2 protein chains.
Amino acid sequence: MDGEQGSRGEAARWLDADERLTWLALVSVLVRLPSALDAQLQRDAGISNFEYQVMAGLSEAPGRTMRISELAALAEGSLPRMSQVIARLEKRGWVRRTPDPGDGRYTLAIMTDAGWAKIIEMAPGHVETVRRLIFDPLTKAQPRQLHDICRRIMRAIDPDDQCLDRLDRPSA
Amino acid sequence: MDGEQGSRGEAARWLDADERLTWLALVSVLVRLPSALDAQLQRDAGISNFEYQVMAGLSEAPGRTMRISELAALAEGSLPRMSQVIARLEKRGWVRRTPDPGDGRYTLAIMTDAGWAKIIEMAPGHVETVRRLIFDPLTKAQPRQLHDICRRIMRAIDPDDQCLDRLDRPSA
DNA sequence: CCAGATAACTTGCACAGTTAAGTGATCGTG
DNA sequence: CACGATCACTTAACTGTGCAAGTTATCTGG
């Protein structure tokens, strides 16, 4: 951020009427969409959206096993937060911990059979919700537009972010 | 997940590869954009994004005055949350409370001169950040695409939401 | 005019998340 | 081998938020 934002310094760069409405619409989605997804998961599975992301990530990992720090990066959360999330999931019997035999500093989070059963149970409902809230209401062309817009915004937030690599697959 | 969920009775409705990447990109924006905006405001003005929305809304109201419940609806927050936020802003000297002379059940939040000075001070930096993170990286056509996409998603989340009215201005 | 219902707000409790300090394991250098 | 530095994780203190109960003000029906 350029520090020269003296209130009197640069007059231009304000938002015009259209930009303002676009911004308001985006803010609404930023607030409402996460809370709608959380509500569905909480109601149908008793789990938060963030916890779901962790479970989903673990379920796709080889051996259904991942390091806590890897999971934190994957789910874009801090390490302490991930530590507590894993503790909650462990208490519910869906995950167990083991020190990494290769390097004792790491802790491996391993999804149990009960955890696997849980995600098998809740995934269809969650995916259905994502589809209903995002893809169903969009036209055929809009998902691609949205994808490009999101990538551009992400690049503006942090140009050298690991996540960008996962998203940069035009695939067309 | 390996994508074999469809066999569990539910019809397909799974996400294909493109949809999946779009979804991942959107999730990243949903997580990162609010936190980037919060970071800028916290750093430059010592205020949260939510508090800023409240100050901004109040600053535009006639007489720089609004009912707490109106503010809560405007900023899409709960009434208890707004009550606490106003208490914090009051403690900082930017807002004061008065019972509504017309109906004593309401409480009016009134922006003080210090609050007005504060928003004059921080608005340019915040708007600049919004422009830099959202509008600058987009092509000329994309803001309109984004606006339409957001309105469709909002309508899917809650078709009879007050907020939609504010957003439904094609203006072209 | 009075009692109950309702509305707007406030408060108390529980809990998730961030930051900073603490713990244990591993690496690098002499 | 030893000692400090670094790394991954855990724990603790604090803040913010949602929910439910409490408080005060207004409306409604008799």
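Student: In chain A of this predicted model, what percentage of the contacts with a separation of 6 or more comes from residues 24 or more positions apart?

Tutor: The model is predicted, and its chain totals use all residues. Contacts in chain A are counted here at a separation of 6 or more, and the share of interest belongs to residues 24 or more positions apart. That share is 48%.

Student: How many helices and strands are there in chain A, and in what pattern do they follow along the sequence?

Tutor: Chain A contains seven helices and three strands. Reading along the sequence gives the order of these elements, namely α-α-β-α-α-β-β-α-α-α.

Student: What percentage of the residues of chain A count as buried?

Tutor: A residue counts as buried when its relative accessible area is under 20%. Chain A has 172 residues, and the buried fraction is 46%.

Student: Which residue of strand 3 of chain B stands opposite Met66(B) and Arg97(B)?

Tutor: Met66(B) faces a residue of strand 3 of chain B, Ala109(B). Arg97(B) likewise stands opposite a residue of strand 3 of chain B. The residue asked for is Ala109(B).

Student: Why is strand 3 of chain B largely enclosed by the rest of the structure?

Tutor: Strand 3 of chain B spans residues 107–111. It is largely enclosed because, of its five residues, the number buried is four.

Key
Residues numbered from 1 in each chain as written. Chains lettered and ligands numbered in written order. Predicted model: local features only at pLDDT ≥ 70, side-chain atom pairs only at ≥ 80, totals over all residues. Heavy atoms only, no water. Helix = DSSP H or I, 4+ residues; strand = E, 2+ residues; numbered from the N terminus. Buried < 20%, exposed > 50% of the residue type's maximum accessible area, 1.4 Å probe, protein only. Contact = heavy atoms within 4.5 Å. Pairing = 2+ DSSP bridges.
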